[in-house]
Structures are given as structure tokens and as C-alpha cells.
Amino acid sequence: MMLRTTKLFSSSPLSLGSYFRLRRLSGLLLSGLVSAAAFANGISVTVDRDEVTIEDQIALSVTVEGSRDAVPTLPDLSAFEVVSRGQSSRMSFSNGRASSSVVRQYVLIPKSKGTCYIGPATVELDGALYSSKPFQVRVHNATTRPDKSRDLYITSRVSTTTPYVGQQVVYIWRFFRKVRIGDARLEPQDYGGFLVEELGDLKEYRTQVGGVTYVVSEYRKALFPQEVGELIVPSSQLTCQIVVETGTPQRSLFDGFFGRTTTATRILRSREIKLTVRPRPAPPKDYSGRVGTFFLSASLSRRELKVGESTTLKLKVSGSGNAQMISEPSFPHLQSFKVYADKPDGSLQRSDSGLSGTQTFSKALVPLKAGALSVPPINLVYFDPEAGSYRTARTESIGLIVLPSDDVEELRLTESVAPNRGKVAVRILADDILPSYRRVDAVRPPQGVLARALPSAGLLAPPILFLCALGLDRRRRRHRLDATIQCRRGALARAKRTLKAIRNSSSGGADLAVATQTSSC
């Protein structure tokens, strides 16, 4: 082979020196070609996989050779959610020449299944436009791959996909993992068209799926659809850091002690869920919006009492469903009692099965006459979504014995002490609650001119008193600072004293002269 190669250059036998010179020349040519290839400008795009599931992500790298500052133009990636993971640059030297490049990292999260076409990325270097090669990515459903082959994934489901308006739908979200994670962040979800109630805090437990043990984080919500038609329970997105073994061999004692691990960002998404919300049938007369399963009970604190005394009627409504909307059932009119309502008392219970609650309504009943009286049955109408119809919970009639009061007279608010003609003294037997006024005309304006003028006078008095005090203060200051006024005041005081002395003295001439001399300033 060597002799045939040398014949291409010379027809004479090749000397040993020529052989080494030819070998050195071919080495220089080869290194030049390698250096030219290393310094060539261009752009390339690579992905770590071209076939994923809807819950996976793709690591995309864009490498620009020839510049560390050039910014490439990415292709159309509308079929993915794109998350930047930073960039790294490097510079190398060969045969006295420098070469630079930059690698930009991205994470692509598929939005839907199917085949996605990724076109070329472009970059401009030294006035020339370079582009990468296009490629395709196939996205499958997550169910096409067994769960045990995944390190971590999330699931979501609902208790029913065909609820009635106002029916409770339990939403269950779970995060499965068999690797160490850190800094997990769940993006908030927009539950448009639903009333949302939390069903407890996030809880964690262990379970097995396909013989593989996973740590599961789970939370539940109660969703109450408020519109008829198709509603969407949104998908969830979880971003977390997973701990990855680097696989680098141990080179020192400290490598084994501290561990040679790194972290990688993973983004998981669950599927969105479509609900078909059905309308409720036409409601009966006493229906007030309760949807679920409810129970009603009634009790009296006293079944035997006297006229004028009171007993407490308690109505207890309990059940599951939209328990936060439990309202007072329709209460019948009781002609033989005075009825005073009390503040209701209630509570909500949250469990894995959903939202439930209890509401207690209390009323004080005061019988107006003696005899065998009764509280008639009380009805509670609700819609049962399991049966798809309205149902009525009803209490039994409650009887009570009312005895006459200790007084011979019937129950009155006042009683005459001396029943004779003319003015009569009375004593109060019982107090009643004053009537409540709900209209504005119940507040009467004051009558008479004086009564109407007093409020205005009260409003005007403070500024008038303030102005008077201000004037007196200014006058006092002016008199204190004006020397002429002070001199006149002094002269007037001395003149008064002199005149008083003249009146009291018998020698008026001498004193008059003195007064004349001392009266000048």
C-alpha cells in the first residue's frame, strides 16, 4: 500500500527522508482541516429524546459556534411551554487560534399529544445567516407507559364528570415520586365557574404501584359548579428539583463523604378534566338551593310549662353537599305562641369524602294560653343528586302541656291595682320587646320652633365663642404693647386717687396743686 501511494507523487523509489517529510506534511494538512472544522461558524439544535409522554419534558440545547454573544432565533415552539435553563459558553485555543461557542438550554413541556414539527433555528454571524436542521417529536398519552417506569408523576381525578348545578364534586390531586426532590412549587389553578372549598391540608403517605413503592403527596378540594354546560377543571403544573447521581467515580475520601450528586429541574403536568354540568328540574315552592343529602330534627327544652313562661325550640339541619349554604327551613305560623328568634349556630366538617356541616336554629316560644298545644311538623326541601329529584325531610309534631299562670287573671301586660273609676294605678306584669321600625319615616323630626332652633344654635355657638375670645385676646395684647394707652390708664388711675384725696382732705388748694403735678405722663 505504501509503494502504491508513493507512486502517485514520484515514479522513482522513495527515500527514507522523503517518507518522513511526506508524513509530516500530511499531519499538518490533517490538523489544519481539524482546526478549520473546529473554528467553523454555525448553529446546531439537539434534544435528549424525540418521543415523550404528555407528562414528560424535553431538554433542548441550541449551540452557536463562532461567537459567545450571538443570540439565535428559536423556531416555532407554540406546541410546547418553553422554560429557559440558562446558558454556558466556552473558549478553546488551537495552533494559536481561538474558538468560542455558547450553548443555551431550554425545557419543552408538551401541551397536547401528537407529532410536533420543530423547524430550524437561525443565527447571524459575520453577516452570514446560519440555520440548524429541523426534526420531529412524538408526544403520547401518559397511559401508554407503565407507572412503575416513571420516577415521578402527578395524577388528578374527580368524583363525577356529570354533576348537577350546585352538586359537590371532590377533586383529588396526587404527586407520586420514588426519587429525592427539593424546592417543589405548584402553580395556582384557576377554577372558573366553580365555588371551591379546601378539604384539609396536604398529606403524605406511601403506596405501591405495580410493585414499586412511591411517596405520595395528596390534597383534595370540593368543587361546586355554578353554571350549566361544559366546565373545565384546569390542569396543574408542578416544578421541582430532583437529585441525580452524577456517576463520576470516587476520586477522594471527601467525594464519598459528601456525595457526588447534582440537581435537575423537572416540570410535571396533569391533564385537564371536562365536566358536563346538568340543570336541576323545576324546584318546588319551599326549595332554597340545598343540593346533597340533609336531615332535619326538632326538640323542645321544656314540654310542660305555664302561660307566660318560655321554652326553646331547636331545629338541627345536618348533611353533606353544599353545607355552607344551609339556611333556615320554612317555619310555620304559631298563633298560640309569641316567637323570638335567636342567632343560629353551625359548623363545617371537611373530610376525604367531601364537605358536610350542621346548622342549629333556636327559637324561644312563649305560650299565650293554657291547654294542650303543639308545634306542627316542619319541612326541609333539598335536591338529592344521586336520585336526581327533590326530597323533603320532615319533623314530627311536638306536643306540650301549658298550665295556667299563678295569677287568676289571664296573661296581660298590665293589671289594675285599684279597679275604680277615674285614674287607676297599674302594675307591670310582663315586658315585651318594643316593635322594630324598618322605615325611615319612623324617625320623627323635632316639633316646635324652639326645638328646631336648638340644633342650629348648638352648631353656631362654638365658632361665635371662638371669635369673641380671639377679639378679647387681641385687645389685651394691643393695650399691653401701646405705651400711650398705658400712660392714659396710669394717669386716669392717679387722677381718681387724687380726687378721692381732695374730697377727704380739708386743705383742697395744696392737694389740688399736687394732683395737677402728678397727673401728667
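**Close-up views of ring contacts and a surface patch**

**View 1. Two charges over rings.** The charged end of Lys363 sits over the ring of Phe331, 5.0 Å from its centre. Arg278 lies over the face of Tyr164, at 4.0 Å from the ring centre. A charge counts as over a ring if NZ of Lys or CZ of Arg is within 6 Å of the ring centre and within 35 degrees of the ring normal. The model is predicted: local features need pLDDT of at least 70, side-chain atom pairs count only at pLDDT 80 or more, and totals for chains, interfaces and linings use all residues. Residues are numbered from 1 along each chain as its sequence is written, and side-chain values use heavy atoms, with hydrogens and water left out.

**View 2. An edge-to-face tyrosine pair.** There are eleven aromatic pairs (rings of Phe, Tyr and Trp, the last by its six-membered ring, with centres within 6.5 Å; planes under 30 degrees apart are stacked, over 60 edge-to-face, the rest tilted). In one, Tyr153 and Tyr214 have ring centres 5.7 Å apart and planes at 80 degrees, so the pair is edge-to-face. Tyr153 lies in strand β10 (residues 152-158) and Tyr214 in strand β15 (residues 212-225), 61 residues apart. Strands are DSSP runs (E, at least two residues), as are helices (H or I, at least four), numbered from the N terminus. Tyr153 is buried at 2% relative accessible area, and Tyr214 is buried at 0%. Buried means under 20%, exposed over 50%, partly exposed in between (1.4 Å probe, protein chains only).

**View 3. An aromatic cluster.** Trp173 and Phe175 form a tilted pair, with centres 6.5 Å apart and planes at 40 degrees. Both are buried. Tyr171, Trp173, Phe175, Tyr191 and Tyr219 form one aromatic cluster.
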